[in-house]
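Thank you all for making time this morning.

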Amino acid sequence: MIEAPKGTHDVLPEESARREALEGQLRRVLGSAGYRRIDTPIFEATELFARGVGESSDIVQKEMYTFSDAGGRSLTLRPEGTASVCRAYIEHGMHKLAGPQKFFYLGPFFRAETPQRGRQRQFSQIGAEVIGADSPETDAELILLLAELLEAVGVHGTRLRIGSLGTPELRAVYRAELREYLRVHEAELPAEVRARIDLNPMRAFDSAAAAAVMAGAPRLLDRLGPEDAEHFHTVCGLLDGAGLTYEIDPTLVRGLDYYTRTLFEFTSDALGAQSGVGGGGRYDGLIEALGGQPTPGAGWAAGVERILLAAEAPAPTAPAPDLFVVPVPVGAPAPAPPAPAASPRAVAFSLTGAARHAGLSAQLELSGRSVKAALKHADRLGARYVALIGEEVALKEMESGQQRTLAGAEDVIPTILRGHRL
């Protein structure tokens with residue numbers, strides 16, 4: 001038996017219904033705030049992520065699926081969405097439009113990680129981006145929209161952590177200070193932290209094994225300049241005014257190099273070790289790093305699989321059909337078969353299509369069940385009516401059990417639309 005590759009999974013109808021419900025809430029929450037959908041290619045030039053995500057990030061270092069095409073170009077299956085959205089913003093001259101530009105997206109993404117609960121090599125992600133606004137209100141709006149979306153889809157009891165990374169210039173100074181601290185305590189650090197002291201020392205805060213050492217490490221949040229501090233405190237004040245609970249976490253870091261200033265993450269205990277549901281922050285230097293004009297930006301991303309794992313809401317059920325159509329075999333075969341258009345199966349097929357065109361949800365019995373078995377199946381589906389198409393045409397109302405013989409199949413749809421009891 002051939003199975004799906006490790007780190008991928010099939011989306012079966014039950015889960016698909018939940019995903020569609022999530023997408024509907026995404027459109028409602030973000031659409032009402034003026035965000036428009038954007039779709040970018042599943043693969044991009046590798047350089048986009050090397051320059052945008054950062055050479056020192058784990059994503060670029062070891063998690064990207066990269067290949068060469070027939071023309072020798074290096075391409076990468078997209079590991080995240082922000083760099084692609086920013087590339088599209090630059091490529092299509094969106095800086096000429098009245099800003100800010102507000103986008104949302106959803107689709108598949110790829111990272112070569114060790115598969116585990118809530119973490120797959122192919123995963124689905126939703127996200128939101130605001131390009132062209134540097135106000136703290138932008139950051140607060142994005143955080144509140146993600147909080148609203150998570151609540152709407154049944155992810156309750158989340159924990160919001162928020163911090164600030166300041167400017168790239170401040171971060172460069174801070175990294176030098178942090179490296180010096182880590183070198184002093186190098187013997188106490190695990191090997192994976194020691195290996196990236198020079199490349200990305202801030203990721204040491206992510207290591208549980210280094211927690212004792214990092215408890216005494218200098219904090220970037222304590223070194224913010226006046227403008228960065230004011231921006232951060234304004235964001236916090238806006239969240240306070242909206243009644244959103246959060247905690248300030250000076251150790252918060254994320255695995256992407258482009259973040260500046262505001263940084264945030266929602267977590268859920270329902271996910272266990274992989275507790276992150278979604279998060280993001282500000283990336284004011286990313287557009288310029290990709291070749292565009294200096295343009296501020298901020299956004300977030302959230303994993304669909306993680307949201308569904310954390311959601312308490314039950315899976316939505318498939319909508320019950322208004323009409324279930326059953327062709328009834330004619331008792332004795334005629335000496336010559338009837339014309340195809342007059343056969344019960346042909347009439348039933350035509351009636352099902354006509355019912356859909358009339359705005360009814362309709363299903364046709366396709367498995368050759370007997371009338372008794374077909375009625376049981378229609379009951380399982382929750383069908384309102386069953387049309388029995390044979391030598392006579394009968395319409396059965398499932399709730400009352402009443403059944404009436406009609407003059408012909410053409411009377412089925414008007415009878416249902418009138419809503420009269422049989």
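**From a strand pair to a helix face**

Ala45 stands opposite Leu75 in β4, where strands are DSSP E runs of at least two residues and helices are H or I runs of at least four, both numbered from the N terminus. Please keep in mind that this is a predicted model, in which local features need pLDDT of at least 70 and side-chain atom pairs count only at pLDDT 80 or more, while totals for chains, interfaces and linings use all residues. Residues are numbered from 1 along each chain as its sequence is written, and side-chain values use heavy atoms, with hydrogens and water left out.

β2 and β4 (residues 74-77) pair in the antiparallel sense over 3 bridges, pairing being counted if DSSP finds at least two bridges between two strands. Together, 3 strands form an open sheet in the order β2-β4-β3, with β2 (43-45) and β3 (66-68) as the edge strands, each of which pairs on one side only.

Let me turn to helix α6. In α6, Leu170, Arg171, Tyr174, Leu178, Tyr181 and Leu182 are buried, meaning under 20% relative accessible area with a 1.4 Å probe and protein chains only, whereas exposed means over 50% and partly exposed lies in between. Seen down the axis, the buried residues of α6 fall within an arc of 100°, taken from the directions from the helix axis to the C-beta atoms, so they line one face of the helix. On the other side of α6, Glu169, Val173 and Glu180 are exposed. The buried residues of α6 pack against α8 (211-214), α9 (226-242) and β9 (260-267), with contact meaning heavy atoms within 4.5 Å.
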